[in-house]
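Hi,

Here is the model I promised to pass on.

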Amino acid sequence: MNFFTLKWGSKYGPEYVNRLYGGLKKHYHKPFTLTCYTNNYKGLREEVEVKDIKDLRKFGPTDRVFTYEKLILMEKHESGVWLDLDILIHNDITNMADDPSDYKMIWNYWNPYWMKSLRWFGKGASCHVNSSFVKFDNPEWLIKFTNDNWEKIEWTYKSLDKYLFYQHARNDRLQYWDEGLIENYNVSGKTLPGKVTIFNTSHKYNNKGIEDVLYELHEADSRVIKMWKSYD
Amino acid sequence: MISLEQVCMKYDRIIILASNDVREFLRTLNNIGIDAIAIDYDPKFENTMSYVNKDFVFDDVDLTADLIIHKNVEKTYPVELPEGTDVILIGDNDQHNGDCTPIKSCEQLISLYDVGEIYDQGCDEEETHWYVYGKIRCR
């Protein structure tokens with residue numbers, strides 16, 4: 001299995017990549033690779049394959065469609081799993097990674113759909129999906145739609161997740177992980193249910209009016225930090 | 001601001017884009033013989049009379065009309081509207097989450113949608129909400 005992640009800028013240090021690899025080593029029970037697309041490979045452990053993030057910026061630099069590089073990843077690699085850096089894998093994900101779906105992502109079960117998403121749908125301010133852990137296997141329909149509509153997509157959406165929600169979730173084109181497999185630390189608390197926990201914070205900086213206190217992985221409680229560091 | 005009711009009386013087929021809830025307005029227009037529909041992708045309008053529950057920017061929709069009223073222009077990509085069609089474009093610069101085309105002037109509306117002939121234009125007292133009534137240029 002080929003896993004992929006992205007790292008640029010200074011928000012996350014190399015320990016995020018290295019511990020992601022360690023988490024896979026512990027909780028994916030088949031041979032695998034982890035490729036990191038980055039603009040700074042310093043400090044990455046030698047098992048991690050490194051590629052230039054520019055290879056995924058097919059449409060050039062943009063401050064829109066945050067992390068659109070993930071879509072281009074699927075043009076470069078037919079199948080695999082893309083992972084955000086700010087996730088903690090804490091249980092066996094072998095079956096998830098081997099899932100036969102052509103595209104499976106996270107549905108935000110932890111948020112009430114009507115109150116958090118449908119209510120704001122018409123305002124263009126909604127999102128109920130998350131692309132922190134995605135299995136893909138040559139989703140030609142998604143690649144084609146993106147290429148055919150890029151100008152409109154870039155103009156309209158601030159983030160990849162919003163694009164996926166408004167264009168593809170709306171038309172029932174996506175598949176989602178079963179409820180309970182992936183949880184959100186900033187909503188579900190410190191008990192680490194399921195197999196993967198995400199530390200989702202980017203929406204706070206991409207939208208106005210979100211007052212929630214949100215923790216990054218390196219700011220989490222001592223139990224989480226201890227587990228995370230054990231992946232060194 | 002422009003009186004939509006008065007303007008609409010001059011037309012036989014009207015489409016309202018990004019309308020949000022205009023059910024009452026549509027009912028009034030249809031009751032007096034004007035063929036009026038709204039196109040809005042919000043799922044709350046699924047199965048609502050006189051609504052097409054689609055995204056007019058990305059989905060395949062028929063925009064043939066005598067008058068197109070595009071509300072909430074700030075929330076949508078500026079699609080190419082049918083040439084020669086009368087339009088009323090309404091947008092603001094309130095900078096809400098989800099706005100991708102903040103509107104700051106009538107000139108911007110005219111330019112974005114290639115309005116050739118202007119019948120009316122203006123804004124509210126606070127100069128945050130703008131409208132243009134005119135005809136899409138024939139290309």
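First, the housekeeping. This is a predicted model, so you are looking at computed values throughout: local features need pLDDT of at least 70, side-chain atom pairs count only at pLDDT 80 or more, and totals for chains, interfaces and linings use all residues. Residues are numbered from 1 along each chain as its sequence is written, while chains are lettered from A and ligands numbered from 1 in the order in which they are written.

On confidence, the model scores ipTM 0.94 and pTM 0.93. Chain B averages a pLDDT of 95, and 100% of its residues score at least 70; pLDDT is the predictor's confidence in each residue, from 0 to 100.

Chain A overall

Chain A has 9 helices and 10 strands. Helices (H or I, at least four residues) and strands (E, at least two) are DSSP runs, numbered from the N terminus. The radius of gyration of chain A is 17 Å, close to the 17 Å that the globule rule gives for 232 residues, so chain A is as compact as a globular protein of that length. That radius is taken over C-alpha atoms, and the rule is 2.2 Å times the number of residues to the power 0.38. Along the principal axes, the C-alpha atoms of chain A fill a box of roughly 45 × 35 × 35 Å.

Of the 232 residues in chain A, 38% are buried. Buried means 20 or more other C-beta atoms within 10 Å of a residue's own, exposed means 12 or fewer, and partly exposed is in between, with C-beta atoms placed from the backbone. Take contacts in chain A between residues at least 6 apart in sequence: 71% of them join residues at least 24 apart. Two residues are in contact if their C-beta atoms, placed from the backbone, lie within 7 Å.

The sheet in chain A

An open sheet of 7 strands in chain A runs in the order β3-β2-β1-β4-β7-β6-β8, with mixed pairing. Strands pair if DSSP finds at least two bridges between them. At the edges are β3 (49-52) and β8 (175-176) of chain A, each pairing on one side only.

Further in, β4 (residues 79-83) and β7 (residues 129-137) of chain A are antiparallel over 5 bridges, with A:L83 opposite A:F133. Strand β6 (residues 103-107) of chain A has 4 of its 5 residues buried. Antiparallel to β7(A), β6(A) is joined to it by 4 bridges, and A:W107 stands opposite A:V129 there. With β8(A), β6(A) runs parallel over 2 bridges; A:K104 has A:Q175 as its bridge partner.

Helix α2 (residues 69-76) of chain A has A:E69, A:K70, A:L71, A:L73 and A:M74 as its buried residues. Among the elements covering them are β1 (2-7), β4, β7 and α5 (140-156) of chain A. In the loop between β3 and α2 of chain A you'll find A:K54, which counts as partly exposed because it has 13 C-beta neighbours inside 10 Å.

The cores

The largest nonpolar core has 57 residues, and A:V17, A:L20 and A:V129 have the most contacts inside it. Its largest share, 6 residues, comes from α6(A). Apart from it lies another core of 38 residues, including B:L29, B:I90, B:I103 and B:Y133. By nonpolar core I mean a set of buried Ala, Val, Leu, Ile, Met, Phe, Trp, Tyr and Cys residues joined through C-beta atoms within 7 Å.

Chain B and the interface

Strand β7 (residues 129-136) of chain B is largely enclosed by the rest of the structure, because 6 of its 8 residues are buried. Strand β5 (residues 86-92) of chain B pairs with β7(B) in the antiparallel sense over 7 bridges, and B:D92 stands opposite B:H129. Strand β6 (residues 115-123) of chain B is also antiparallel to β7(B), joined by 7 bridges; B:G122 has B:Y131 as its bridge partner. β6(B) and β7(B) form a hairpin with 5 residues between them, and B:E127 in the turn has a positive phi of about 55°.

Finally, 14 residues of chain B are in contact with 14 residues of chain A. The chain B side divides into 6 nonpolar, 4 polar and 4 charged residues. Here Ala, Val, Leu, Ile, Met, Phe, Trp, Tyr, Cys and Pro count as nonpolar, Asp, Glu, Lys and Arg as charged, and the others, Gly among them, as polar.

Cheers
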